[in-house]
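Hi everyone, thanks for making time today.

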Amino acid sequence: MSFRLAARIAAAFDGTVDAVHFAEHREHESDITVQSMPFLSRLSDDRVKARALESRRAFRELIAPLKDATFTGDQAMTRADLVRTGRFASLVVIGRPGADDENISPETVKAAIYDCARPVVIAPPDLKAGPIASIVVAWNGSSQAARAVGSALPFLAKAGKVTVLAAGAEPEDVGAPLLMRNLGRRGIAATVDTAKFGTLTGRGRGRALLAYAKDKGADLLVMGAYGHGQLSNFLGLGGATAKVIASCPIPLLLAH
């Protein structure tokens with residue numbers, strides 16, 4: 001999912017991709033149950049090898065045709081190595097975490113968002129065909145939202161439809177008119193809409209935001225990432241951010 005989206009973004013902007021195969025689990029690194037049963041240990045190691053081979057196959061098919069594209073598949077790569085590599089990119093594209101423990105883990109997603117110091121795009125499991133033509137920006141006037149919009153400017157400039165959603169507030173109260181003026185100066189014609197979340201929980205706000213993006217036919221959702229270290233929920237992020245990351249059916253651009 002991440003290689004396909006990264007290749008599409010790079011092609012749209014005449015860029016390239018440094019693809020990385022990062023294994024959350026490595027060969028001979030099994031839990032106690034597997035270690036006590038050699039047959040299961042072999043199966044676990046076989047899955048690790050198969051995932052690495054699949055990454056190489058996906059790279060050859062999707063990314064290798066791009067000029068200057070690279071692939072790193074060193075099994076010794078740590079999460080810290082992954083973060084350090086991400087800091088030299090314009091954009092970090094990762095897959096969506098899920099219940100499958102062979103998927104990218106919540107901790108890796110968190111490290112990408114908070115430690116790479118780069119905007120992060122999370123790829124959905126099923127990426128629909130076509131360009132990113134319609135974008136929804138979740139705007140609340142925060143520094144995180146401002147950074148997300150700044151990172152999304154190249155996408156906004158190419159989109160045919162941009163909707164700024166003032167979430168839970170009147171547009172004037174969160175500086176939406178100033179944002180619209182700034183976008184207009186860049187030739188980006190956006191519209192403003194409002195959503196009243198009332199007494200919804202954080203996860204409820206996340207669900208409402210996803211429903212809004214779906215209703216608008218959005219191809220990309222842009223928002224700030226909030227709540228680091230403040231709440232003990234999925235990813236350690238704010239409830240709305242966590243819900244959107246876990247369930248967003250379209251590419252999601254986040255910045256902190």
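Let's begin with the sheet: seven strands form an open sheet, in the order β3-β4-β9-β8-β5-β6-β7, and the pairing is mixed. At the edges stand β3 (92-95) and β7 (190-195), each with a single partner strand, so one side of each has no neighbour in the sheet. From one strand to the next, the twist averages 25 degrees. Please keep in mind that this is a predicted model.

Strand β4, residues 120-123, pairs with β9 in the antiparallel sense over three bridges, and Ile122 stands opposite Leu252 in β9. Lying across β3 and β4 is α1, which runs at about 150 degrees to β3.

Next, helix α6, residues 143-158. With 16 residues at 1.5 Å a residue, α6 should span 22 Å, and its end C-alpha atoms are 24 Å apart, which agrees. Where is the kink in α6? It lies at Ala152, shortly before the proline Pro154, and is about 55 degrees. Ala152 is also one of the buried residues of α6, and others include Val149, Leu153 and Phe155. What covers these buried residues includes α1 as well as strands β5, β6, β8 and β9 and helix α7.

Last stop: Ala19, in strand β1. Is Ala19 buried or exposed? At 2% relative accessibility, Ala19 counts as buried. Beyond its neighbours within four places in sequence, Ala19 is in contact with residues including Phe3, Phe59, Ile63 and Phe71. Ser55 is 36 residues from Ala19 in sequence, yet their C-alpha atoms are 9.0 Å apart in space.

Definitions and conventions. Residues are numbered from 1 along each chain as its sequence is written. This is a predicted model: local features need pLDDT of at least 70, side-chain atom pairs count only at pLDDT 80 or more; totals for chains, interfaces and linings use all residues. Side-chain values use heavy atoms; hydrogens and water are left out. Helices (H or I, at least four residues) and strands (E, at least two) are DSSP runs, numbered from the N terminus. The expected span of a helix is 1.5 Å times one less than its number of residues. The bend at a residue is the angle between axes fitted to the seven residues ending there and the seven starting there. Buried means under 20% relative accessible area, exposed over 50%, partly exposed in between (1.4 Å probe, protein chains only). Contact means heavy atoms within 4.5 Å. Two strands pair if DSSP finds at least two bridges between them. Axes are lines fitted to C-alpha atoms, for helices over the stretch in contact, and angles run from 0 to 180 degrees between N-to-C directions.
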